[in-house]
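Thanks for asking me to look this one over.

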Amino acid sequence: METRGTVVVILAILMVATVDAKIYGRCELAVKLDKAGLNGFKGYTIADWLCMAHYESGFDSSFMDHNPDGSSEYGIFQLNSAWWCDNGVTPTWNLCHMNCRDLLNRHLLDDILCARQVVSSKKGMAAWDSWTQHCDGHDLSEWLKGCNMRVKIDSKKVNS
């Protein structure tokens, strides 16, 4: 009987975690990122952010991936547990001073604040291999097509 109660509690917790996750639409995410001040931040456009987030997580706030080195990546921007957050398992620098689980919900402010820190580092958006492979140097205009928003265009990326 006690085991059955434990299973019910675990299922309830999993359902709450799942309900709090969200797969964002492209334009919906663009508006959120713009409102958070990412348009033109360190020389990157909203299209850069959308392209990177698409290839990292498919705009899924609950996406989590495991790496061969034992670290994991969390949330819409796939922030790594060895560097940016603490998952309680991987040795970490925890440069964003946060629990990795906080990156797995629909509330993107903590994800955005941490991603700003990543972009402010020496590598800029090149910290994400997916941005380097799929976004850097490419025409990103399609990412904002139909989103009805003004974009700061800055062809020169600033990493300082």
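1. Let me begin with a question: which residue with a positive phi follows α2? Bear in mind that this is a predicted model. The residue is Gly37, which comes after α2 and has a phi near 85 degrees.

2. Staying with α2, the buried residues there are Leu29, Ala30 and Leu33. They sit on the same side of α2, because the arc they cover around the axis is only 105 degrees. As a reminder, an α-helix has 3.6 residues a turn, so residues three or four places apart point the same way. The partners against which the buried residues of α2 pack are α3 and α4.

3. The largest nonpolar core is made up of 39 residues. Those with the most contacts inside it are Leu29, Leu33, Trp49, Leu50, Phe77 and Trp128. At least two residues of this core come from each of α2 (26–35), α3 (46–57) and α4 (109–120). The helix that gives the most is α3, with seven residues. In soluble globular proteins, nonpolar side chains tend to be buried together.

4. Phe77 deserves a click in your viewer. Setting aside neighbours within four places in sequence, Phe77 is in contact with Leu33, Trp49, Met52, Ala53, Glu56, Asp111, Ile112, Ala115 and Trp128. Of these, Leu33, Trp49 and Trp128 are also listed among the residues with the most contacts inside the core.

5. Ser72 lies in strand β2, which covers residues 72–74. Ser72 counts as buried because its relative accessibility is 4%, below the 20% cut-off. Its side chain forms a polar contact of 2.8 Å with the side chain of His66. Not counting residues up to four places away in sequence, Ser72 touches Asp65, His66, Asn67, Leu79, Asn80, Ser81, Asn87 and Thr90.

6. The other serine is Ser141, found in the segment after α5 (129–134). Is Ser141 buried or partly exposed? Its relative accessibility is 45%, so Ser141 counts as partly exposed. The side chain of Ser141 has a polar contact of 2.8 Å with the side chain of Asp139. Ser141 and Ala47 are 94 residues apart along the chain, yet their C-alpha atoms are separated by 6.9 Å.

How values were computed. Residues numbered from 1 in each chain as written. Predicted model: local features only at pLDDT ≥ 70, side-chain atom pairs only at ≥ 80, totals over all residues. Heavy atoms only, no water. Helix = DSSP H or I, 4+ residues; strand = E, 2+ residues; numbered from the N terminus. Buried < 20%, exposed > 50% of the residue type's maximum accessible area, 1.4 Å probe, protein only. Polar contact = N/O pair within 3.5 Å; in protein donor to acceptor, adjacent residues only side chain to side chain. Contact = heavy atoms within 4.5 Å. Core = buried A, V, L, I, M, F, W, Y, C linked by side-chain atoms within 4.5 Å. Arc of directions from axis to C-beta.
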